[in-house]
Amino acid sequence: MADDWQPSASIETLRERARLLARVRAFFAERGVLEVETPVLGHGGSTDVHLDSLSLEAATPAGRERLWLQTSPEFHMKRLLAAGSGPIFQLARSFRDGEVGRRHNLEFTMLEWYRPGFTLDGLIGETDALIRQVLPGVGPCRQRRYRDLFRETLQVDPFSTPLDTLRQLATRHGQIDMRESERDGCLDLLMSLVIEPGLGRGGIDMVIDYPASQAALARWRHDPEDGVEVAARFEAYVEGLELANGYHELTDAAEQARRFAEDNRERERLGKPMVDSDRRLVAALQAGMPEGCGVALGMDRLIQLALGKSRVAEVMAFATPRA
Amino acid sequence: MANYSTNEFKGGLKVMLDGDPCNIVENEFVKPGKGQAFNRVKLRNLITGRVWERTFKSGESLEGADVMDLEMEYLYNDGDMWYFMKTDGSFEQYAVEKKALGDTEKWLKEQVAYTVTLWNDNAISVTPPNFIELEVVETDPGLKGDTAQGGSKPATLSSGAVVRVPLFINQGEVLKVDTRSGEYVSRA
C-alpha cells in the first residue's frame, strides 16, 4: 500500500508550527502592525528575471483573462500602503516555478511586512527581534557588508576585481563553465556556493550594501566609504540559510516602470517568457506611497530552524510531491 | 535520447555527462536571495561508480542516457568474458567484461539472477541479489558444541568470496550471505 497520502510533517510538528505562527501574530499585534490578506492571483506578475511566475487562465468579470500567481505579496501590499494602510504584515502563500529542493517548495508561506517611516537600520533591528521571537536561543546579530564578505572569504572585490578573474573563480568553485557569464552571475554563484554556507553560524548575519545592479525593488544609496552606489537592502542568514530579504523601498513610479521594462527586455534576451507587469503598482506609486522599508521572510525556513528539521518539507502539511 | 532540463532532474534519472552515463543521486536548488539560480547535482558515474558533484545553471539541460536495468541469469565464463542470459524467456545472452563485473565477480553462482545494467545495449555493471546462498569450500574444522556465541573464522565460499562465519560452521555447508555487507546471515 502506498503511504503517500500521509502528511509530510508530523501532527506534532504542525502543532508546533501553529504555536510559532501565533507568536509571530502576537509580535505584530503588540507593535500595532495590521494583519492583511491580499489575493494570490493578480493581473500583474513578478518581472524579476530570476523568478519564474506561474500563471493560469480564468473567467473573471472582465471575461477570460490571464492571471499570475504571486511570487510574493509585495505589489498588493504596496498598493495598500499607498492607500494609507499604515504598517501592515501578511502571512502569504507564494509560488515560484522550478524552486524545488531541501530548502524550497513550489508554494510556501512568506511573512512580509512594511514599515512606513522606518530606516533600513530600523527594519534590520525589527527583523532581528522577529527572528528571536521564533528562535529565542539564537546568537548575536551582526551586520556584514557584501563587499567585505567577498574580500574576507575569496580575497576579491565584487565591485572592482576584473570580470575575468571573477569568471575564473566562479568556474573553479562551481565546476561549471562561467567564462561567458556577467558579473552578477559570477557573484551569485560565489555567494551561493562559497559564502552563504558560512553565514549565520552561531548567530544572525545581516548582509548589507549589495551591488546596485542587484537592487530589485530597493533604492540605491551612495556609499561614502567606498565611493560606489550600493543597493539599500539586506538579507538575513541563520545557519547558512537565507531567511529574509529587506528593502528601503523604491517609491519613484517612473523608476519602477523603467525597471519592469528592463526586466522584460532581459527576459526576452534570455528566452524567458514575458510577464505582464503590474501597472496598478506603478499608478499607486504615482499617487504616492509613503517612504519606508519592507521585508519578506521565508516562514517555513524559520520554523524549520526552530524545530531543528533538515528539510523544509518536514514543516509543511503536504509538500508538493504529496500535494 | 531526450534532453532533460535541471527542473526535470530527480533521483534515478539517467543522463550523459562528460561522455559517461550517470545516475542522478541528488538535485539541490540553490539561489542567493534575488539572484541567478543554480542546481547543485550529485551524480553517480555508472562506469566508474564514482560520485560527482556538479553545478548547473537552472534551466540548463543534459542528454538522457540509454540505460536499462535488466534481470539476467549467470551462465558461465570462458576465461575472458562472463555470460548472462535474459530471464524474460528470450534466451538472449550478453557477454560482460571483467571491468564491468567489478566486485560482483566474487558473488557469481550459476542459475542465480543478477541485475545487469546496459548502456546502449552494452553491459556496464552487474549487481548481485541482496542475499545469496553459497557453499563453504574451505574453512577450519568446526568446533563441536560451540553453537552459542563467541568467535568467528574466515570461510571461503564456492564463488571465491571470503566471509567471517561462526566457529561451528563446517566445510560443505550452504550459507546465506548478505552481498551488500559481505556478512554471514545464517545457515541456508
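I began with strands β12 (residues 131-139) and β13 (residues 152-157) of chain B, and found that they pair in the antiparallel sense over three bridges. Looking for a single partner within this part of the predicted model, I noted that B:Val136 has B:Leu157 of β13(B) as its bridge partner.

Next I looked up chain B as a whole, whose secondary structure comes to one helix and 16 strands. Its radius of gyration is 22 Å, whereas a compact globule of 188 residues would have one near 16 Å, and its C-alpha atoms fill a box of roughly 70 × 45 × 25 Å along the principal axes. I noted that 31% of the 188 residues of chain B count as buried. Taking the contacts in chain B between residues at least 6 apart in sequence, I found that 46% join residues at least 24 apart.

Last, I turned to the contact between the chains, where 17 residues of chain B meet 23 residues of chain A. On the chain B side, the elements that give two or more residues are β3 (20-30) and β5 (51-57), and β3(B) gives the most, with four residues. I sorted the residues of this side into six nonpolar, seven polar and four charged.

How values were computed:
Residues numbered from 1 in each chain as written. Chains lettered and ligands numbered in written order. Predicted model: local features only at pLDDT ≥ 70, side-chain atom pairs only at ≥ 80, totals over all residues. Pairing = 2+ DSSP bridges. Contact = placed C-beta atoms within 7 Å. Nonpolar A, V, L, I, M, F, W, Y, C, P; charged D, E, K, R; others polar. Rg over C-alpha atoms; globule rule 2.2 N^0.38 Å. Buried ≥ 20, exposed ≤ 12 C-beta atoms within 10 Å, placed from the backbone.
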